[in-house]
Amino acid sequence: MVYVSALFAVVLMPLVQNIMRLRIGKWSPSRPLAIVALVFSVFLALTLFLIFALPPVMHDIQHFAADLPRRIPDVIARIKRLPMADKFGFDSIAHKSEGAIASTAQYLLATAPLWLARIFDLFTAFILCIYFMMEGEFVYFYFLSFFSTESRERLAKTLVVAEVRMSSWFIGQTALMLILGLCSTITFAALHVRYFFLLGVLMGILNIIPVVGGIITIALAACVAATDSWTKMIGVLIFYAIYVQVENAFLTPRIMRSRVKLMGLSVLVALLAGTALAGVVGALVAIPTAALIAVLIDEYFIQKDAAEAAQAAAEAASLAYNDSLAAAAAATAATEAAAEADTPAVQAADKASS
């Protein structure tokens, strides 16, 4: 809990510093006032979410658990009308999926009180986070005092880079999750997809998992849309295909920028490790922790000359492979052209011999 609180304090401190830079005449807010403003904004956002978003989500989960077992046979019947569909054994898949989906939804509802029971832990972590934001600089400089003067400056610069990278990822990823959640909810509502609010929230939340999260949620949304009509399912798939192009070409380069420098594989491995070690809390702090570890490894363990040489060798190997493919294609084309040119002569020779 102490680590999670300290980590979120580090991630949120740039927001506090931005609030402190605001000026009204000659007055600017102090650190305690900036922290209060940030806390108030967070509480306001959570309150609005609990009031407007949580009841529709719970309502959709209940109806989804009750309605889906009745709709799966209709979907299976539609699939059976497709060519070669009888060879895939959709009947057994339907029976298994009915029980699995219904039990999963019921489990989510049954364990909701257990999630609410952790509110006290969240409140404690929240108080610790505020204290870290208030007095974190004293703790930080006290931590640096354990190191020698020679290594202290290098470590301080490394930690500053890690703080920027962690904060950039957190703010950028939150923005991407909100954008996808809102766009998905609006689009699914316009298409009259059932449980559009629940599906939109899931799209936003699971966007934290690169590639896999989007595929899981869009597959679920497409399956739900298919229970009504194939047209809705195609509309859902078209929406996601367009959004992926917009996110990769426009949103991610401008929101995440190049300061984050976390590959999709790193994010996925960090999420798996964090979930295995500490469940949901581990997943929450997995990516900032991965950014911190990446900066420390890059500064203290990576041999820059060797890394640059290895990258250059990999690029040279890739270029050589591409050149070999181009040469092979050219040789094949030349052989085919020669064969086509020789065909009339061969035919004439055959006629003469006959």
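This is a predicted model: local features need pLDDT of at least 70, side-chain atom pairs count only at pLDDT 80 or more; totals for chains, interfaces and linings use all residues.
Trainee: What share of the residues in the protein chain count as buried?
Mentor: Buried means under 20% relative accessible area. The chain has 354 residues. The share of them that count as buried is 29%.

Trainee: Among contacts between residues at least 6 apart in sequence, what percentage join residues at least 24 apart?
Mentor: Contact means heavy atoms within 4.5 Å. Take the contacts between residues at least 6 apart in the protein chain. Those that join residues at least 24 apart make up 68%.

Trainee: How many disulfides does a search of the whole structure find?
Mentor: A disulfide is a covalent bond between the sulfur atoms of two cysteines. To count here, a pair of cysteine sulfur atoms must lie within 2.5 Å. The search of the whole structure finds a total of zero.

Trainee: Is C129 buried or exposed?
Mentor: Use the cut-off: buried means under 20% relative accessible area. C129 has 8%, so C129 is buried.

Trainee: How much space lies in the second largest pocket, and which residues are closest to its centre?
Mentor: Rolling a probe the size of a water molecule over the atoms shows where empty space is left. The second largest pocket holds about 810 Å³. It is lined by 24 residues, and the closest to its centre are A6, V10, G136, Y140 and L159.

Trainee: Which elements give two or more residues to the lining of the second largest pocket?
Mentor: Look along the chain for helices that share in the lining. Those that give two or more residues are α1 (2-20), α5 (119-144) and α6 (149-190).

Trainee: What is the phi of H192, and is H192 buried or exposed?
Mentor: Most residues other than glycine have a negative phi. H192 is not a glycine, yet its phi is positive, at about 60°. H192 is found in the loop between α6 and α7 (196-205). Its relative accessible area is 60%, over the 50% cut-off, so H192 is exposed.

Trainee: Is Y195 buried or exposed?
Mentor: Y195 is found in the loop between α6 and α7. Y195 also has a positive phi, about 55°. Its relative accessible area is 11%, so Y195 is buried.

Trainee: Which residues does N207 touch, not counting those up to four places away in sequence?
Mentor: N207 lies in the loop between α7 and α8 (212-226). At 13% relative accessibility, N207 counts as buried. The residues N207 touches are Q173, L176, M177, L180 and E247.

Trainee: What distance separates the C-alpha atoms of L198 and P56?
Mentor: L198 is found in helix α7 and counts as buried at 9% relative accessibility. L198 is in contact with V57, D60 and I61. L198 and P56 are 142 residues apart along the chain, and their C-alpha atoms are separated by 7.3 Å.

Notes: Residues are numbered from 1 along each chain as its sequence is written. Side-chain values use heavy atoms; hydrogens and water are left out. Buried means under 20% relative accessible area, exposed over 50%, partly exposed in between (1.4 Å probe, protein chains only). On a 1 Å grid over the protein atoms alone, a cavity is a set of points where a 1.4 Å probe fits but cannot get out, and a pocket is an open set with protein on both sides within 12 Å along at least five of seven lines; lining residues have an atom within 4 Å of a point. Grid points are joined across faces, edges and corners, and a volume is the space filled by probe spheres set on the points. Helices (H or I, at least four residues) and strands (E, at least two) are DSSP runs, numbered from the N terminus.
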